[in-house]
Amino acid sequence: MESALEATVNEWHASVNDGDLERSARAVGDPIVVLGPKGAGPITPEQFAEWVERSGIKLVPQSWHPVSERLMVVEEDATWPESRTPTRVATVFRVAGEKVTASLRLPDLKSALELAYICREMAATE
């Protein structure tokens, strides 16, 4: 049986990969915290949908690594319209209330897992 965490992350991937802007906006919290090669910070669901449209990214999950009830790292093959050769990346997802509230993309699984474990420990000591 699929966990709520996994179902939410899978819905995020489906909405992004389908390029469905309304669905992408509904899949994320307000705000969603993002991290990627062009920066980091909180953005609105509408800004997230704009990024989905502008980037044209597709992220095909390859492996799932639950870290806590709210955190999961997913290793993905990423492609963009200008480069169809997949690039392996990993994303730290934080979920709350069936919405992705953080999507932190890193260049590899090791760095994503390290960040996720730090985030988990920070949350546990609040």
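**Note on a buried threonine and the salt bridges**

1. Threonine 101 is placed in strand E6, which spans residues 99–106; helices (H or I, at least four residues) and strands (E, at least two) are DSSP runs, numbered from the N terminus. The model is a predicted one, in which local features need pLDDT of at least 70, side-chain atom pairs count only at pLDDT 80 or more, and totals for chains, interfaces and linings use all residues. Residues are numbered from 1 along each chain as its sequence is written, and side-chain values use heavy atoms, with hydrogens and water left out.

2. Threonine 101 counts as buried because its relative accessibility is 11% (buried is under 20% relative accessible area, exposed over 50%, partly exposed in between; 1.4 Å probe, protein chains only). Beyond its neighbours within four places in sequence, its contacts (heavy atoms within 4.5 Å) include Gly29, Ile32, Arg70 and Val95.

3. The whole structure holds six salt bridges, each being a side-chain nitrogen of Lys or Arg within 4 Å of a carboxyl oxygen of Asp or Glu. A network of them links Glu11, Asp18 and Arg23.

4. Arginine 88 forms a salt bridge with aspartate 77 at 2.5 Å, N to O. Aspartate 77 is in strand E4 and arginine 88 in strand E5, so the pair ties together parts 11 residues apart in sequence. Arginine 88 also meets glutamate 75 in a salt bridge at 3.8 Å, N to O. Arginine 88 is partly exposed at 41%, whereas aspartate 77 is buried at 18%, as is glutamate 75 at 16%.

5. In helix H4 (residues 109–124), glutamate 114 and lysine 110 lie four residues apart, about one turn. Their side chains form a salt bridge at 2.7 Å, N to O.
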